[in-house]
Amino acid sequence: MTKVIYNKFDKKLISALPTVSFTGRIIVVITESEARKAVDFLLKSPILGLDTETRPCFKRGRQNVVSLLQVSTPQVCFLFRLNLIGMPSDIIRLLEDTKVPKVGLSLHDDVLSLSRRAAFTPGGFIDIQHLVKGIGIEDMSLQKLYANLFGQKISKSQQLSNWEADVLSERQKQYAATDAWACIMIYNEYLRLLETHDYTLKLAEVPPTPSPVNEENLS
């Protein structure tokens, strides 16, 4: 059956969709030795999803340093607590690796945030936002992209939570892992649609442009 996708997905429809979340294993990394083992494991995967989280700052003009780096395979997601371990050499090794593709959204922002902790040369990064334009999708947010392609909702309820808490809550871990894993799902579906052309693109309805007011008619 041909899939219907939209150039712009109506945000008002998302709340009624069933919620999706990562169902694989989530591993929190809080030491350099754990980071080394995690990176060794991740670099054996054919593809990785990547995202970051930063503790929100509600003071104008200020921004906190990135707190969390989440990197996922289709089955396992590692949450690197950068506020505890910084950017050890093994994380740099992961970020600079050019053999395993790392997919995400708005990766320029993630790279910039991570580079504020330590300098590195990004390797193997693929930004989904640039790719989906090739099949006519104009939406850039993870939530809209996932809803458009899969008809499911990714919850954003933990987005502004404290990512530097002593212990991450289960809801925070699930949220962070889902965001990284969802990037893989979107990327793989994009590749499938690009190869099969098994989709129909529908253009969102554009509200009519209001007619200019004729002041003479108002007198």
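**View 1. Pro 18 touches Gly 151, Gln 152 and Lys 153, leaving aside residues up to four places away in sequence.** Contact here means heavy atoms within 4.5 Å. The model is predicted: local features need pLDDT of at least 70, side-chain atom pairs count only at pLDDT 80 or more, and totals for chains, interfaces and linings use all residues. Residues are numbered from 1 along each chain as its sequence is written, and side-chain values use heavy atoms, with hydrogens and water left out. Pro 18 lies in the loop between strand 1 (3–6) and strand 2. Helices (H or I, at least four residues) and strands (E, at least two) are DSSP runs, numbered from the N terminus. The C-alpha atoms of Pro 18 and Lys 153 are separated by 5.8 Å, although the two residues are 135 residues apart along the chain. With a relative accessible area of 48%, Pro 18 is partly exposed; buried means under 20%, exposed over 50%, and partly exposed in between (1.4 Å probe, protein chains only).

**View 2. An open sheet is formed by six strands in the order 2-5-4-3-6-7, with mixed pairing.** Its edge strands, each pairing on one side only, are strand 2 (25–29) and strand 7 (125–127). Two strands pair if DSSP finds at least two bridges between them. Neighbouring strands of this sheet are turned by 25 degrees against each other on average, direction ignored. Axes are lines fitted to C-alpha atoms, for helices over the stretch in contact, and angles run from 0 to 180 degrees between N-to-C directions. Strand 3 (residues 48–54) pairs with strand 4 (residues 66–72) in the antiparallel sense over six bridges. In this pair, Thr 52 stands opposite Leu 69 in strand 4.

**View 3. Helix 1 (residues 32–42) packs on the sheet.** Helix 1 touches strand 2, strand 3, strand 4 and strand 5 (76–81), and its direction makes about 145 degrees with that of strand 5. Helix 3 (residues 89–96) also packs on the sheet, touching strand 3, strand 4, strand 5, strand 6 (102–104) and strand 7. The direction of helix 3 makes about 55 degrees with that of strand 4.

**View 4. Helix 6 (residues 142–150) and helix 7 (residues 170–196) pack with their axes 10 Å apart.** The angle between them is about 45 degrees, so helix 6 and helix 7 are oblique to each other. Angles under 35 degrees count as roughly parallel, over 145 as roughly antiparallel, 65 to 115 as roughly perpendicular and the rest as oblique. The crossing of helix 6 and helix 7 is left-handed, that is, the near helix is turned anticlockwise from the far one by less than a right angle. From helix 6, Leu 142, Leu 145, Tyr 146, Leu 149 and Phe 150 meet residues of helix 7, including Trp 181, Cys 183, Met 185 and Ile 186.

**View 5. Cys 77 is in no disulfide.** A search of the whole structure finds zero disulfides, a disulfide being a pair of cysteine sulfur atoms within 2.5 Å. The cysteine sulfur nearest to that of Cys 77 belongs to Cys 183 and is 10 Å away, too far for a bond. Cys 77 is buried, with a relative accessible area of 0%; Cys 183 is buried as well, at 2%.
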